[in-house]
Amino acid sequence: DWVLERLPLSGDDVLCDLGSGGGRALLYLALRTGCDVFGVELSETRHHSAEALFHLAAPLLRPGQQVRLWRGSMLDASGPQQEATV
């Protein structure tokens, strides 16, 4: 919360979590800010856990809020992190 209170976020910002694991921090960011969020995770197991978490949490997200979970390396320039603003 300390960081979020100091970031000048707008509704147009896209937050990216590199090494997003099971998606808990990413889900918190999505719910707390209402911003679109992208998660990048290398581990297939953790990626699937994040997918399951966001499937369960979908009714809690704002209408139209975009969540992208991408399995791959954070060093891969073709990942969604290229579209992130934060």
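At the start of helix H3, a side-chain oxygen of Ser43 comes to within 3.4 Å of the backbone nitrogen of Thr45. That is a polar contact, meaning a pair of N or O atoms within 3.5 Å; within protein, one must be able to donate a hydrogen and the other to accept it, and residues adjacent in sequence count only if both atoms are side-chain atoms.

Before going on: this is a predicted model, where local features need pLDDT of at least 70 and side-chain atom pairs count only at pLDDT 80 or more, while totals for chains, interfaces and linings use all residues. Residues are numbered from 1 along each chain as its sequence is written, and side-chain values use heavy atoms, with hydrogens and water left out.

I will stay with H3. Helices (H or I, at least four residues) and strands (E, at least two) are DSSP runs, numbered from the N terminus. H3 covers residues 44-57, and at 1.5 Å a residue its 14 residues should span 20 Å; the end C-alpha atoms are 20 Å apart, which agrees. The expected span here is 1.5 Å times one less than the number of residues.

Which residues of H3 are buried? They are His47, Ala50, Phe54 and Ala57. Buried means under 20% relative accessible area, exposed over 50%, and partly exposed in between, with a 1.4 Å probe and protein chains only. Seen down the axis of H3, the buried residues fall within an arc of 90 degrees, so they line one face of the helix. The arc is taken over the directions from the helix axis to the C-beta atoms. On the face turned away from the buried side sit the exposed residues Thr45, His55 and Leu56. The buried residues of H3 pack against H2, strand S2 (36-41) and S3; contact means heavy atoms within 4.5 Å.

Glu51 is also in H3 and is partly exposed, at a relative accessible area of 36%.

Next, H2. Its buried residues are Leu26, Leu27 and Ala30. They cover an arc of only 100 degrees around the axis, which puts them on the same side of H2. What covers them includes strand S1 (14-18), S2, H3 and S3. Just after H2, Gly34 has a positive phi of about 80 degrees.

Now the core. A nonpolar core is a set of buried Ala, Val, Leu, Ile, Met, Phe, Trp, Tyr and Cys residues joined through side-chain atoms within 4.5 Å. The largest one has nine residues: Leu15, Leu26, Leu27, Ala30, Cys35, Val37, Phe54, Ala57 and Leu61. H2 and H3 are the elements that give two or more residues to this core, and the largest share, three residues, comes from H2. In soluble globular proteins, nonpolar side chains tend to be buried together. Val37, one of the core residues, touches Leu15, Leu26, Leu29, Ala30, Gln66, Val67 and Arg68, leaving out residues up to four places away in sequence.

On to charges. How many salt bridges does the structure hold? There are five, a salt bridge being a side-chain nitrogen of Lys or Arg within 4 Å of a carboxyl oxygen of Asp or Glu. Asp1 and Arg32 form one, at 2.8 Å from N to O. Asp1 lies in the segment before helix H1 (2-6) and Arg32 in H2 (residues 24-33), so the pair ties together parts that are 31 residues apart in sequence. Arg32 also pairs with Glu5, with the closest N and O atoms 4.0 Å apart. Glu5 is in H1 and Arg32 in H2, so this pair ties together parts 27 residues apart in sequence. Asp1 is partly exposed at 46%, Arg32 is partly exposed at 39%, and Glu5 is exposed at 56%. Asp1, Glu5, Arg6 and Arg32 are linked in a network of salt bridges.

Another salt bridge joins Glu83 and Arg68, the closest N and O atoms being 3.2 Å apart. Glu83 lies in the segment after S3 (67-71) and Arg68 in S3, so the pair ties together parts that are 15 residues apart in sequence.

Last, Gln81, which is in the segment after S3. Is Gln81 buried or exposed? At 17% relative accessibility, Gln81 counts as buried. A polar atom of its side chain lies 2.9 Å from the backbone oxygen of Met74. Beyond neighbours within four places in sequence, the contacts of Gln81 include Cys16, Leu18, Val40 and Trp70.
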